[in-house]
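Open the model in your viewer and keep the selection tool at hand. The stops below say what to select next and what is there.

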Amino acid sequence: MLPWAVLFVITVLFVGLRHHVGMDWNNYLRMIYSVENARSFGRIFVQAEPFYALLLAFGAWTGWGMYAVNLIATAALMTGLFALARKTPEPWLALIAALPFFIVVVSMSANRQALAAGLLMLLIANWYRFGVVGRTVCVLLCSGFHASAVLMLAFVAFDIKMPRVIKIAGIGVFSLAAIYYLQQTGFADYYDQAYGSGQTEAVQSGGAIFHIAITAVPASFYFLFPRYRDALFPNELIRNMAFAALLTLPLAAVASAAAGRISLYWFPVSMYVWAAFPQMIDQRFRRAARLAISAVMLIMMAGWLEFANSSKAHIPYQNALFLEAWELEIGILP
């Protein structure tokens, strides 16, 4: 469908070729500088997860720096996002639901995790085409871009068709494997400092509760509208992710930054629910329901851009396509 393809290209260019946009822009410039000046090939993997480190190395090698990295990463994550949207009852509505938070806020700042989450969306869109081994391999590949993606292994375990006792044991094994992986790679300490014990009251993520609510609110429809559960939560995976979204709410009280980051992986629930919501409405009022959902999403985006502290890193928006060569940050400074 031509409009769908055109929107995909526009979104990839808009997000992928952003210039000096996002809270982590300077951090990623420092990372690619370190990769570019690594004394040995092995040293590049100190900077990030292995696959993302290789992507940084490719950006440095091409001479286009973070523009090349962001463009490739955005094309990959949007492939997952659009593939997932196509699996929902109303794909266009699913994309609108993704616009304010996942596309504008997450994809334009949290580079590595957005890429991992986008690739997981591609897996979720094709979840039942894979067996346990295939799903496990896909999750581990995604964790090569952001180690926290190993959390998805829990859902691999949940989907195993076997007695409850064995399933619980399997979840335990997957959890231990995830913890072992994080500890062996050194990312356990990094995430603990960034999102756990290293978080002081001054640096707690004040907006985390809103990020969590974006998914937790539609997840709560499982209990609020039991009559429509099959329409809103069409398979076991989405139901389990909805439960995870609700269980993340209490975590915000003790580790807000961690809870906010984890909630990114439950975002497909929000896309599914809002895309299916008009099916709950009398056919005469479905168009009004779609307009209302779209309006709410646009208001959320406008509110975030106007009032959120982190929105300052997104304004003014600039794109590499419309800048002079000397304005681009290709020559990376230490």
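Start by selecting helix H1 (residues 2–16) and helix H4 (residues 65–86), whose axes come within 8 Å and cross at roughly 145 degrees. Helices here are DSSP runs of H or I with at least four residues, numbered from the N terminus. The axes are lines fitted to C-alpha atoms over the stretch in contact, and angles run from 0 to 180 degrees between N-to-C directions. On the H1 side, the contact (heavy atoms within 4.5 Å) includes Trp4, Leu7 and Phe8, and on the H4 side it includes Tyr67, Asn70 and Arg86. By class, 12 residues of this contact are nonpolar, five are polar and one is charged. Here Ala, Val, Leu, Ile, Met, Phe, Trp, Tyr, Cys and Pro count as nonpolar, Asp, Glu, Lys and Arg as charged, and the others, Gly among them, as polar.

This is a predicted model, in which local features need pLDDT of at least 70 and side-chain atom pairs count only at pLDDT 80 or more, while totals for chains, interfaces and linings use all residues. Residues are numbered from 1 along each chain as its sequence is written, and side-chain values use heavy atoms, leaving out hydrogens and water.

Next, select His20, in the loop between H1 and H2. Its phi is near 55 degrees, a positive value in a residue other than glycine. Most residues other than glycine have a negative phi, and most peptide bonds are trans. Pro316 lies in the segment after helix H17 (286–307).

Now select Tyr52 and Leu81. Of the 94 residues in the largest nonpolar core, these two touch the most other members. Such a core is a set of buried Ala, Val, Leu, Ile, Met, Phe, Trp, Tyr and Cys residues joined through side-chain atoms within 4.5 Å. Buried means under 20% relative accessible area, exposed over 50%, and partly exposed in between (1.4 Å probe, protein chains only). Among the residues that Leu81 touches are Leu95, Phe102 and Met271.

Cys142 is buried, with a relative accessible area of 5%.

Technical notes: Helices (H or I, at least four residues) and strands (E, at least two) are DSSP runs, numbered from the N terminus. Lists of a residue's contacts leave out its neighbours within four places in sequence.
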